[in-house]
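Let us walk through this structure together, one step at a time. Take a moment to look it over before reading on.

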Amino acid sequence: MPCELAQYASTSRTTKRHRTEIRDLTGWHECTGTDLVELTSWLADEIWHNERRAEAVRAEPLRHMRDKRIEPTQPARSAR
């Protein structure tokens with residue numbers, strides 16, 4: 001199974017459709033611009049004031065997104 005997933009083209013139309021179907025079935029949604037603004041605000045207000053360790057600050061947005069059922073962004077998008 002892992003070797004089959006490695007061959008699965010992550011940018012194909014089929015893959016995108018499958019991801020959409022999985023999100024619909026599980027209640028998750030793609031990360032929107034609004035989600036990123038809210039996440040950034042939450043991170044600044046709730047986390048940055050209390051936590052300075054880089055690894056903890058990096059982990060909290062993923063936990064927050066998981067709690068809100070938001071699919072994590074691609075690394076290039078979150079860098080913006």
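A salt bridge, as the term is used here, is a side-chain nitrogen of Lys or Arg within 4 Å of a carboxyl oxygen of Asp or Glu. Side chains of opposite charge can pair when their charged atoms come close. Keep that in mind, since we will come back to it. The model is predicted, so local features need pLDDT of at least 70 and side-chain atom pairs count only at pLDDT 80 or more, while totals for chains, interfaces and linings use all residues. Residues are numbered from 1 along each chain as its sequence is written, and side-chain values use heavy atoms, with hydrogens and water left out.

Let us begin with the whole chain. Its secondary structure consists of 5 helices and 0 strands, where helices (H or I, at least four residues) and strands (E, at least two) are DSSP runs numbered from the N terminus. Read from the N terminus, the order is α-α-α-α-α. Of the 80 residues in the protein chain, 20% are buried. Here buried means under 20% relative accessible area, exposed means over 50%, and partly exposed lies in between (1.4 Å probe, protein chains only). Contact means heavy atoms within 4.5 Å; among contacts between residues at least 6 apart in sequence, 56% join residues at least 24 apart.

Now turn to helix α3, residues 33–47. How far apart are its end C-alpha atoms? They are 20 Å apart, which agrees with the 21 Å that its 15 residues should span at 1.5 Å a residue; the expected span is 1.5 Å times one less than the number of residues. Which residues of α3 are buried? They are Asp35, Leu39, Trp42 and Ile47. Seen down the axis of α3, the buried residues fall within an arc of 70 degrees, so they line one face of the helix. That arc is taken from the directions from the helix axis to the C-beta atoms. On the face turned away from this buried side, α3 carries the exposed residues Thr34, Val37 and Thr40. The cover over the buried residues of α3 includes α4 (54–67).

Arginine 17 counts as partly exposed, at 45% relative accessibility, and glutamate 21 counts as partly exposed at 39%.

Arginine 23 sits in helix α2 (residues 13–26). Is arginine 23 buried or exposed? At 10% relative accessibility, arginine 23 counts as buried. Beyond its neighbours within four places in sequence, arginine 23 is in contact with Trp28, His29, Glu30 and Glu71. With glutamate 71, arginine 23 forms a salt bridge (2.6 Å, N to O). Glutamate 71 lies in the loop between α4 and α5 (75–79) and arginine 23 in helix α2, so the pair ties together parts that are 48 residues apart in sequence. Both partners, glutamate 71 and arginine 23, are buried. Finally, Arg19, Arg23, Glu30 and Glu71 are linked in a network of salt bridges.
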